[in-house]
Amino acid sequence: MKSTVGTSLLLLLIFATLTYCLDARLQVCQPSGKIRGIKPPPGQCNTENDSDCCKKGKMYTTYKCSPPVTGNTKAVLTLNSFQKGGDGGGPSECDHQYHSDDTPVVALSTGWYSGGDRCLNYITISANGRSVKAKVVDECDSTMGCDDEHDYQPPCPNNIVDASKAVWKALGIPEGNWGDYDITWSDS
(Lines give C-alpha, C1' and ligand atoms only; values in the text may rest on other atoms or scores of the structure.)
Protein backbone atom coordinates (compact mmCIF):
# COMPACT_ATOMS: atom_id res chain seq x y z
CA MET A 1 0.00 0.00 0.00
CA LYS A 2 2.79 2.39 0.92
CA SER A 3 4.56 2.00 -2.45
CA THR A 4 1.29 2.59 -4.36
CA VAL A 5 0.74 5.88 -2.51
CA GLY A 6 4.37 6.87 -3.08
CA THR A 7 4.16 5.99 -6.77
CA SER A 8 0.89 7.92 -7.10
CA LEU A 9 2.42 10.97 -5.44
CA LEU A 10 5.49 10.75 -7.69
CA LEU A 11 3.31 10.49 -10.81
CA LEU A 12 1.19 13.41 -9.63
CA LEU A 13 4.34 15.50 -9.06
CA ILE A 14 5.67 14.63 -12.53
CA PHE A 15 2.32 15.47 -14.13
CA ALA A 16 2.11 18.79 -12.27
CA THR A 17 5.67 19.69 -13.33
CA LEU A 18 4.99 18.83 -16.98
CA THR A 19 1.73 20.78 -16.93
CA TYR A 20 3.48 23.80 -15.40
CA CYS A 21 6.31 23.66 -17.97
CA LEU A 22 3.90 23.26 -20.88
CA ASP A 23 1.70 26.04 -19.54
CA ALA A 24 4.74 28.33 -19.14
CA ARG A 25 5.88 27.56 -22.69
CA LEU A 26 2.44 28.35 -24.10
CA GLN A 27 2.42 31.66 -22.24
CA VAL A 28 5.70 32.88 -23.74
CA CYS A 29 3.81 35.44 -25.82
CA GLN A 30 0.88 37.06 -24.10
CA PRO A 31 -1.21 39.93 -25.52
CA SER A 32 0.28 43.31 -24.66
CA GLY A 33 -2.95 45.28 -24.80
CA LYS A 34 -5.91 46.34 -26.89
CA ILE A 35 -6.74 49.24 -29.16
CA ARG A 36 -10.19 50.53 -30.06
CA GLY A 37 -11.02 50.63 -33.75
CA ILE A 38 -12.13 53.77 -35.49
CA LYS A 39 -14.09 54.14 -38.70
CA PRO A 40 -11.69 54.83 -41.58
CA PRO A 41 -12.23 58.07 -43.47
CA PRO A 42 -13.91 57.44 -46.86
CA GLY A 43 -11.51 55.78 -49.32
CA GLN A 44 -8.71 55.49 -46.74
CA CYS A 45 -8.63 51.72 -46.18
CA ASN A 46 -7.39 49.63 -49.11
CA THR A 47 -9.33 46.36 -49.20
CA GLU A 48 -7.19 44.77 -51.95
CA ASN A 49 -6.49 41.07 -51.22
CA ASP A 50 -9.50 41.02 -48.86
CA SER A 51 -7.68 43.20 -46.31
CA ASP A 52 -9.75 44.07 -43.25
CA CYS A 53 -10.59 47.63 -42.29
CA CYS A 54 -10.97 48.64 -38.65
CA LYS A 55 -14.49 48.76 -37.30
CA LYS A 56 -15.55 51.65 -35.07
CA GLY A 57 -15.59 50.64 -31.40
CA LYS A 58 -14.26 47.10 -31.93
CA MET A 59 -11.42 46.13 -29.59
CA TYR A 60 -8.31 44.67 -31.26
CA THR A 61 -5.66 42.67 -29.40
CA THR A 62 -2.05 43.84 -29.69
CA TYR A 63 1.21 41.91 -29.22
CA LYS A 64 4.84 42.95 -28.73
CA CYS A 65 5.97 39.35 -29.20
CA SER A 66 5.52 36.34 -31.46
CA PRO A 67 5.79 32.61 -30.75
CA PRO A 68 9.37 31.30 -30.42
CA VAL A 69 11.20 30.71 -33.70
CA THR A 70 12.26 27.13 -34.31
CA GLY A 71 13.58 25.26 -37.34
CA ASN A 72 9.96 24.70 -38.31
CA THR A 73 7.93 27.63 -36.94
CA LYS A 74 4.17 27.41 -37.45
CA ALA A 75 2.54 30.53 -38.88
CA VAL A 76 -0.34 31.81 -40.97
CA LEU A 77 0.49 33.00 -44.48
CA THR A 78 -1.48 36.06 -45.56
CA LEU A 79 -1.54 37.93 -48.85
CA ASN A 80 -0.12 41.42 -49.24
CA SER A 81 0.80 43.72 -52.09
CA PHE A 82 4.07 45.54 -51.53
CA GLN A 83 3.63 47.54 -54.77
CA LYS A 84 2.96 51.28 -54.78
CA GLY A 85 -0.78 51.73 -54.21
CA GLY A 86 -1.10 48.16 -52.86
CA ASP A 87 -2.77 47.20 -49.61
CA GLY A 88 0.63 47.14 -47.89
CA GLY A 89 0.47 50.93 -47.58
CA GLY A 90 3.74 52.85 -47.85
CA PRO A 91 7.21 51.69 -48.84
CA SER A 92 8.69 48.70 -47.02
CA GLU A 93 10.23 49.38 -43.63
CA CYS A 94 13.57 47.65 -44.32
CA ASP A 95 14.64 49.40 -47.52
CA HIS A 96 12.05 52.18 -48.00
CA GLN A 97 11.20 50.68 -51.40
CA TYR A 98 8.12 49.23 -53.05
CA HIS A 99 8.37 45.64 -54.34
CA SER A 100 6.67 43.97 -57.28
CA ASP A 101 4.01 41.34 -56.60
CA ASP A 102 6.23 39.08 -58.75
CA THR A 103 9.07 39.24 -56.20
CA PRO A 104 9.03 36.82 -53.22
CA VAL A 105 8.98 39.22 -50.27
CA VAL A 106 7.33 39.12 -46.84
CA ALA A 107 6.45 41.14 -43.79
CA LEU A 108 6.70 39.41 -40.40
CA SER A 109 4.66 39.98 -37.26
CA THR A 110 6.32 42.38 -34.81
CA GLY A 111 7.98 39.77 -32.59
CA TRP A 112 9.49 37.88 -35.53
CA TYR A 113 10.47 41.12 -37.28
CA SER A 114 12.50 41.72 -34.14
CA GLY A 115 13.03 45.45 -34.53
CA GLY A 116 14.40 44.93 -38.04
CA ASP A 117 16.93 42.22 -37.13
CA ARG A 118 15.60 40.05 -39.98
CA CYS A 119 15.51 42.92 -42.50
CA LEU A 120 16.67 41.91 -45.98
CA ASN A 121 17.42 38.35 -44.78
CA TYR A 122 15.78 35.41 -46.46
CA ILE A 123 13.45 32.99 -44.74
CA THR A 124 12.29 29.63 -46.07
CA ILE A 125 8.53 29.14 -46.20
CA SER A 126 7.09 25.64 -46.55
CA ALA A 127 3.53 24.56 -47.39
CA ASN A 128 1.64 22.42 -49.83
CA GLY A 129 4.66 20.09 -50.20
CA ARG A 130 6.87 22.92 -51.50
CA SER A 131 9.31 25.52 -50.17
CA VAL A 132 10.29 29.02 -51.28
CA LYS A 133 12.86 31.54 -50.07
CA ALA A 134 11.51 35.05 -49.53
CA LYS A 135 13.18 38.28 -48.45
CA VAL A 136 11.97 40.02 -45.29
CA VAL A 137 11.26 43.63 -46.26
CA ASP A 138 8.67 44.82 -43.76
CA GLU A 139 6.94 44.46 -40.42
CA CYS A 140 3.34 43.36 -40.06
CA ASP A 141 2.71 45.55 -37.02
CA SER A 142 1.17 43.63 -34.13
CA THR A 143 1.35 46.60 -31.72
CA MET A 144 -0.56 49.29 -33.60
CA GLY A 145 -3.26 49.74 -36.22
CA CYS A 146 -6.52 51.50 -37.09
CA ASP A 147 -4.71 54.69 -38.06
CA ASP A 148 -3.44 56.44 -41.20
CA GLU A 149 0.06 54.94 -40.88
CA HIS A 150 -1.43 51.42 -40.90
CA ASP A 151 -3.94 52.12 -43.69
CA TYR A 152 -6.77 51.90 -41.10
CA GLN A 153 -6.22 48.13 -40.89
CA PRO A 154 -6.26 46.25 -37.54
CA PRO A 155 -3.03 45.16 -35.85
CA CYS A 156 -1.54 41.95 -37.24
CA PRO A 157 -1.89 38.80 -35.19
CA ASN A 158 1.43 37.68 -33.69
CA ASN A 159 1.92 34.67 -36.02
CA ILE A 160 1.76 36.17 -39.51
CA VAL A 161 4.01 35.85 -42.55
CA ASP A 162 2.45 38.44 -44.90
CA ALA A 163 3.56 37.47 -48.41
CA SER A 164 3.55 38.75 -51.97
CA LYS A 165 1.69 36.88 -54.72
CA ALA A 166 5.04 35.45 -55.86
CA VAL A 167 5.33 33.47 -52.61
CA TRP A 168 1.81 32.04 -52.97
CA LYS A 169 2.50 31.07 -56.59
CA ALA A 170 5.85 29.43 -55.72
CA LEU A 171 4.11 27.32 -53.07
CA GLY A 172 1.61 26.17 -55.70
CA ILE A 173 -1.37 27.20 -53.60
CA PRO A 174 -4.48 27.53 -55.80
CA GLU A 175 -5.72 31.14 -55.98
CA GLY A 176 -9.06 30.08 -54.51
CA ASN A 177 -7.20 29.25 -51.28
CA TRP A 178 -5.26 32.53 -51.07
CA GLY A 179 -5.89 34.61 -47.97
CA ASP A 180 -5.00 32.66 -44.82
CA TYR A 181 -2.97 29.45 -45.11
CA ASP A 182 -1.16 27.38 -42.47
CA ILE A 183 2.58 27.21 -43.16
CA THR A 184 5.91 26.68 -41.46
CA TRP A 185 8.96 28.88 -41.86
CA SER A 186 12.56 29.05 -40.74
CA ASP A 187 15.52 31.38 -41.02
CA SER A 188 17.40 30.45 -44.19
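**View 1. Cys94 and its disulfide partner, Cys119.** Cys94 is buried, with a relative accessible area of 16%. Buried means under 20% relative accessible area, exposed means over 50%, and partly exposed lies in between (1.4 Å probe, protein chains only). This is a predicted model: local features need pLDDT of at least 70, side-chain atom pairs count only at pLDDT 80 or more, and totals for chains, interfaces and linings use all residues. Residues are numbered from 1 along each chain as its sequence is written, and side-chain values use heavy atoms, with hydrogens and water left out. The sulfur atoms of Cys94 and Cys119 are 2.0 Å apart and form a disulfide, a pair of cysteine sulfur atoms within 2.5 Å. The angle about this S-S bond is -80°, a left-handed link. Cys94 sits in the loop between β3 and β4 (105-109), and Cys119 in the loop between α2 and β5, so the bond ties together parts that are 25 residues apart in sequence. Helices (H or I, at least four residues) and strands (E, at least two) are DSSP runs, numbered from the N terminus.

**View 2. The disulfide of Cys29 and Cys65.** Here the S to S distance is 2.1 Å. The torsion about the S-S bond is about 95°, so this disulfide is right-handed. The pair links distant parts of the chain, 36 residues apart. Cys29 lies in the loop between α1 (2-26) and β1 (33-36). Cys65 lies in the loop between β2 (59-62) and β3 (73-79). Cys29 is buried, at 13% relative accessible area.

**View 3. The disulfide of Cys45 and Cys53.** Again, the sulfurs are joined, S to S 2.1 Å. The torsion is about -105°, so the link is left-handed. Cys45 is buried at 15% relative accessibility. Cys53 is buried too, at 18%.

**View 4. The disulfides of the whole structure.** A search finds five of them. Count the bonded cysteines along the chain, and the pattern reads 1-5, 2-3, 4-9, 6-7, 8-10.

**View 5. Ser114 and its positive phi.** Most residues other than glycine have a negative phi. Ser114 is not a glycine, yet its phi is positive, about 55°. Ser114 is placed in the loop between α2 (110-113) and β5 (122-127). At 32% relative accessibility, Ser114 is partly exposed.

**View 6. Asn128 and its positive phi.** Asn128 is a residue other than glycine, with phi near 60°. The loop between β5 and β6 (130-140) holds Asn128. Its relative accessibility is 40%, so Asn128 counts as partly exposed.
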